[in-house]
Amino acid sequence: MSAPTGEQFVLETSTASGDIQATITAVAAGIRTLSINGIDLVPPYAEDQSPPSGAGIVLVPWPNRIRDGRWSHDGVDHQLAISEPKHNNAIHGLLRYTEYTAISRERDSVTLSARIYPQLGYPFLLGTAVHYELVADGLRVTHFVENLGAEPAPVAIGTHPFLKIGGVPTADLTLRLDAASHIEVDDRLLPTGEVPVDGTEWDFREGRRVGDVSLDDAFGELSGDEGRVEHTLTAPDGRSVSVWADDEFGYVQVYTTRTFPGEDGDVAIAIEPMTAPAEAFNSERGLRWLGPGEEWELSWGIRFEGFSAD
């Protein structure tokens with residue numbers, strides 16, 4: 001029987017910290033497992049399941065939501081398919097249920113490719129690829145997008161990794177976000193404004209316990225260091241797992257749930273780097289217009305610290 005996420009690409013490597021293993025899925029080019037010395041760094045889900053809460057999937061050509069699936073440019077109105085009926089939005093792009101093709105494969109890496117063809121609400125042709133590679137301190141992910149059409153195309157990129165440290169309740173981890181602003185939303189989770197986090201419940205720069213918060217929130221003004229931003233979960237024993245990203249990922253969404261399969265009611269948390277927030281096709285915040293033949297390459301990754309082979 002075939003897996004709902006298609007072919008499974010198992011990556012393995014040995015490092016000074018021990019053995020790293022990941023499973024990448026053909027459908028949505030997603031991360032299904034990632035571990036160091038058998039310790040999970042993402043909450044795994046079974047091969048016979050679809051990604052719960054979008055775990056690990058790639059979000060392109062837009063992350064998050066577009067109100068009513070409608071957007072306009074140069075006097076032309078576009079209507080995307082409504083993929084979040086509950087809130088009447090178009091959500092998480094056009095490749096969430098697409099099977100990618102492997103175009104290169106090594107023991108510790110895989111590159112997956114998929115095209116976005118002109119369709120309802122998005123009359124553009126894009127070539128996309130995602131390269132996953134195990135490195136000494138985790139997993140590095142590089143996205144490639146090329147406009148294969150004759151007109152400029154709007155593009156934003158996001159991804160949806162959940163993180164954990166196996167053997168430690170996620171509720172007991174400390175969440176630190178490199179973010180100085182919080183995006184306020186309405187009851188459809190669409191942006192209404194952006195405010196500084198200083199002195200508010202949205203300030204995670206010094207860290208807060210995951211079990212004490214409930215989040216489905218976007219953050220901006222990511223300061224970073226030397227062109228890289230990083231958001232971290234730290235265990236009481238000092239071990240940590242982080243999401244890092246190029247500074248082109250100017251936003252981050254954080255989502256918590258207590259219904260992730262296999263987590264037995266513990267909190268599961270996604271830390272989602274995004275190049276643009278919700279409604280980017282209308283606000284154009286963080287949106288990139290790729291000219292005909294133009295290519296875009298950018299990277300992010302999952303990094304661990306404090307783990308050893310002993």
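This is a short walk through one protein chain, from its overall form down to single residues. The model is predicted.

Start with the whole chain. The protein has 1 helix and 27 strands. Its C-alpha atoms fill a box of roughly 60 × 50 × 40 Å along the principal axes. A compact globule with 310 residues would have a radius of gyration near 19 Å, and the protein has 19 Å, so the two agree. Buried residues make up 55% of the 310 residues. The accessible surface comes to about 12700 Å², and 45% of that surface belongs to carbon and sulfur atoms. Now look at contacts between residues at least 6 apart in sequence. Of these, 65% join residues at least 24 apart.

Next come the strands. Strands of a sheet pair through backbone hydrogen bonds, either parallel or antiparallel. Here, 9 strands form an open sheet, and the pairing is antiparallel. Follow the order across the sheet: β10-β11-β12-β13-β27-β23-β22-β17-β20. The edge strands are β10 (101-106) and β20 (208-209), and each pairs on one side only. Zoom in on one pairing. Strand β17 (residues 174-176) runs antiparallel to strand β22 (residues 228-234), and 3 bridges join them. Leu 175 has Leu 233 in β22 as its bridge partner.

The largest nonpolar core has 75 residues. Which of them touch the most other members? They are Leu 34, Tyr 100, Tyr 122, Tyr 132, Leu 175 and Leu 233. Strand β27 (residues 295-305) gives the most to this core, with 5 residues. Another core, of 6 residues, lies apart from it; among them are Tyr 45, Ala 55, Phe 162 and Phe 260.

Aromatic rings come next. The count is 9 aromatic pairs. One of them is Tyr 122 with Phe 281, and this pair is stacked: 6.1 Å centre to centre, with 20° between the planes. The pair links distant parts of the chain, 159 residues apart. Tyr 122 sits in the loop between β11 (109-116) and β12 (126-135), while Phe 281 is in helix α1 (residues 280-283). Both Tyr 122 and Phe 281 are buried. They also belong to one aromatic cluster, together with Trp 62, Trp 71 and Phe 124.

Now pick a single strand residue. Thr 256 lies in strand β24 (residues 251-257). Buried or exposed? Thr 256 counts as buried because its relative accessibility is 11%, and the cut-off is under 20%. Beyond four places in sequence, Thr 256 touches Val 213, Ser 214, Leu 215, Val 267, Ala 268 and Ile 269.

Finish with the backbone. Most residues other than glycine have a negative phi, and most peptide bonds are trans. Ala 29 is not a glycine, yet its phi is positive, about 50°. Ala 29 is in the loop between β2 (18-25) and β3 (31-36), and at 0% relative accessibility it counts as buried. Leu 189 also has a positive phi, near 65°. Leu 189 is in the loop between β18 (181-185) and β19 (191-196). At 22% relative accessibility, Leu 189 counts as partly exposed. Last, a cis peptide bond joins Val 60 and Pro 61, with omega about 10°. Pro 61 is in the loop between β5 (58-59) and β6 (65-67).

Methods
Residues are numbered from 1 along each chain as its sequence is written. This is a predicted model: local features need pLDDT of at least 70, side-chain atom pairs count only at pLDDT 80 or more; totals for chains, interfaces and linings use all residues. Side-chain values use heavy atoms; hydrogens and water are left out. Helices (H or I, at least four residues) and strands (E, at least two) are DSSP runs, numbered from the N terminus. Buried means under 20% relative accessible area, exposed over 50%, partly exposed in between (1.4 Å probe, protein chains only). Contact means heavy atoms within 4.5 Å. Rings of Phe, Tyr and Trp (its six-membered ring) pair if their centres lie within 6.5 Å; planes under 30 degrees apart count as stacked, over 60 as edge-to-face and the rest as tilted. Two strands pair if DSSP finds at least two bridges between them. A nonpolar core is a set of buried Ala, Val, Leu, Ile, Met, Phe, Trp, Tyr and Cys residues joined through side-chain atoms within 4.5 Å. The radius of gyration is taken over C-alpha atoms; the globule rule is 2.2 Å times the number of residues to the power 0.38. Accessible areas come from the Shrake-Rupley method with a 1.4 Å probe; for residues, only the protein chains shown count as cover.
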